[in-house]
Amino acid sequence: DAQAALQFMRACGYTKIFLMGHSLGGAIALIAASKESVGGVIGIAPVSNPPFIAKRIVKREQNTVFVDIGGKPFGLPKPFVDSTQLFPMNSFVSSISCPVLLIHGVQDQVLFPKDSEVLLQALVGVKDKELHLVADANHVFAGKWHEVFDLVLEWLKRHA
């Protein structure tokens, strides 16, 4: 779907496109950036290594997998979670060459800040990469979205 959206944007005449996603959307943005030429990618508390993180955070019950997000269970179909095995970090990070901005909450208990630190180090082919850790922010950046918006806007001003 992300690649189809990029094709649509290009068909509309846009030439410099940036991708951004939060959590699983961050993984999708990173994977798409490894396959398509884009102006840059922003991962906000991104799933950086889908198979590893899926094994770490899911609770399986029959055909549904539950992930605890902000203290509330969120159900995902088991085939969807199983598909994460197709995207280990080493399958996409080496193909990313565009600028990358990572933002992660220090208090994130769903995807740990260390996950983004490992991802940053794995992006060896990326010369322009940044990681910003937001103090007192959880996975959904409750009460801290203004800081995230400011970081994203400043980064886009420098790269657009």
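A disulfide is a pair of cysteine sulfur atoms within 2.5 Å. I applied this rule and counted zero disulfides.

I noted what I was looking at: a predicted model, where local features need pLDDT of at least 70, side-chain atom pairs count only at pLDDT 80 or more, and totals for chains, interfaces and linings use all residues. Residues are numbered from 1 along each chain as its sequence is written, and side-chain values use heavy atoms, with hydrogens and water left out.

C98 is buried, because its relative accessible area is 8%. C12 is partly exposed, at 44%.

Next I turned to the strands and helices, which are DSSP runs numbered from the N terminus (helices H or I, at least four residues; strands E, at least two). Two strands pair if DSSP finds at least two bridges between them. I found an open sheet of four strands, paired in parallel, in the order β1-β2-β6-β7. β1 (18-22) and β7 (129-134) each have a single partner strand, so one side of each has no neighbour in the sheet.

I checked the pairing of β2 (residues 40-44) with β6 (residues 100-105): four bridges join these parallel strands. V41 stands opposite V100 in β6.

Angles run from 0 to 180 degrees between N-to-C directions, with axes fitted to C-alpha atoms, for helices over the stretch in contact. Helix α6 (residues 145-159) lies across β1, β2, β6 and β7, at about 170° to β2.

How values were computed
Buried means under 20% relative accessible area, exposed over 50%, partly exposed in between (1.4 Å probe, protein chains only). Contact means heavy atoms within 4.5 Å.
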